[in-house]
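Trainee: I have a new protein on my screen and would like to learn how to read it. Could you take me through it step by step?

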Amino acid sequence: MADVNLVEFERARRVIPGGVNSPVRAFGSVGGTPRFMVSARGPYITDADGREYVDLVASWGPAILGHAHPSVVAAVQEAAARGLSFGASTPAETALAEAVRARVPIVDKLRLVSTGTEATMTAIRLARGFTGRPLLIKFAGHYHGHSDGLLAEAGSGLATLAMPGSAGVTEATAAQTLVLPYNDLPAVRAAFEHHGPDIAAVITEAAAANMGVVPPDPGFNAALVDLAHEYGALVILDEVLTGFRVGPAGFWGLDRSYTPDLLTFGKVIGGGMPLAALGGRAEIMDYLAPSGPVYQAGTLSGNPVAVAAGLATLAAADDAVYARLDETAAIISKAVSDALTNAGVAHRVQRAGNLFSFVFGSFETAPRTYADVLRQEAWRYRPFFHAMLDAGVSLPPSVFEAWFVTAAHDEAAVARILEALPAAARAAAA
Ligand code: PLP
């Protein structure tokens, strides 16, 4: 019988570069045939072959309530029936900005865009426009979307300007970004000592989760804000992945001891629709057009259907949802760890709130930087991933991604994951 997913992949490859519209979907790092999905409900997702999986990707984060949550779907249907896009302001956009401000009170004003990439790109332009400075600090292993200046790779030494991290990014653009090791305050200080008057901003994932999960050292984010402010630079806290997922006020809300100047949101804020945002201090946000000189715009910015999905998602994501996400993350991460231990696979569990991932290999201390996580036995993930997939559990197709639980992962869904683990752990041990 023809493998339906393989047929779909071959068909897609004829008309879509690499057969996918975002590279990780091609299963490049785990091999095998990517699954083409046709529907999803609650904790489950169904492929083109009619096979159902327990989903631990959750659309890479947005689906905190589970897929096709009834109140979100109803809100989207109602909004769609009123018109898909107006190209004019709507009361619902203001309501979403108010909802975000109620959760994250350091956000005075919010600008809606369509993707996390746009949110960070605009936040950086805004930081440059506000400070009048050119340079940006980012951390190795942090992902902030695919705008040119953020696709920069670390140069050879500390405080050197970066090299292009993708074909098509010019050296001149990459050289506007300083790439530093994460959790390394002396490196940040050295960069400010060398380039201080030229640095517009430091951008950091609130907790890194795009190299696997690597939380900031306690106090790191706060120290970053202090250091940047000492030199007149801004801090952009990228909460695209963590925002409204690890808690009602994102990763910042778990601590609140520091005040970044700008924050970026995506994923959960759009409830699965293309919507993202940047927000922060009014004085800075008012630098955006039309009130200020920093240009930004979008035909579909604040799209009414996307805003409806975001509002419905935030309305449903109450304390009980966050308690459930935390509990489910604790159960699954412990079960995976136990299964790996029983199979003799050395590993560490990495956690930031309800986000988690695993590093394979013997680590005396938890990895804190990109260089640390690159030292792992990444090849063990491939057989582990496929054993889970064969058993009907869809994991992120790369060891360098976080696992995402939803509030819809009930006992039955969790039980299916737990059943699949011993064989997958043995596969990882081989
Ligand atoms: N920032 C972070 C922390 C992300 O995880 C991502 C995407 O995964 C982005 C920005 C880019 O968001 P988008 O894929 O919506 O452009």
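Trainee: What share of the contacts in the protein with a separation of 6 or more comes from residues 24 or more positions apart?

Mentor: Here you look at who touches whom, and at how far apart the partners sit in the sequence. In this predicted model, residues 24 or more positions apart make up 73% of those contacts.

Trainee: How many helices and strands does the protein have?

Mentor: The count is 13 helices and 15 strands. The radius of gyration is 21 Å, close to the 22 Å that the globule rule gives for 430 residues, so the protein is as compact as a globular protein of that length. Along the principal axes, its C-alpha atoms fill a box of roughly 60 × 55 × 45 Å.

Trainee: What confidence does the prediction carry, as mean pLDDT?

Mentor: The mean pLDDT is 96, and 98% of the residues reach 70 or more. For the model, ipTM is 0.99 and pTM is 0.97.

Trainee: Which residues of helix 10 are buried?

Mentor: First, the general idea: an α-helix has 3.6 residues a turn, so residues three or four places apart point the same way. In helix 10 the buried residues are Arg324, Leu325, Thr328, Ala329, Ile332, Ser333, Val336, Ala339 and Leu340. They pack against strand 13 (347-352), strand 14 (355-360) and helix 13 (411-429). Just after helix 10, look for Gly344, which has a positive phi of about 75 degrees.

Trainee: Is Glu419, with its 12 C-beta neighbours inside 10 Å, buried or exposed?

Mentor: To decide, count the neighbours: a residue with 12 or fewer is exposed, while a buried one needs 20 or more. Glu419, which lies in helix 13, has 12 and therefore counts as exposed. Across the whole protein, 50% of the 430 residues count as buried.

Trainee: Last one: which residues come nearest to the ligand?

Mentor: Of the 15 residues around the ligand, the nearest are Gly116, Thr117, Gly145, Val240 and Leu241. Helix 4 (residues 116-131) gives the most to this shell, with 3 residues. Sorted by class, the shell holds 5 nonpolar, 8 polar and 2 charged residues.

How values were computed:
Residues are numbered from 1 along each chain as its sequence is written. This is a predicted model: local features need pLDDT of at least 70, side-chain atom pairs count only at pLDDT 80 or more; totals for chains, interfaces and linings use all residues. Helices (H or I, at least four residues) and strands (E, at least two) are DSSP runs, numbered from the N terminus. Two residues are in contact if their C-beta atoms, placed from the backbone, lie within 7 Å. A residue is near a molecule or strand if its C-beta atom, placed from the backbone, lies within 6 Å of it. Ala, Val, Leu, Ile, Met, Phe, Trp, Tyr, Cys and Pro count as nonpolar, Asp, Glu, Lys and Arg as charged, and the others, Gly among them, as polar. The radius of gyration is taken over C-alpha atoms; the globule rule is 2.2 Å times the number of residues to the power 0.38. pLDDT is the predictor's confidence in each residue, from 0 to 100.
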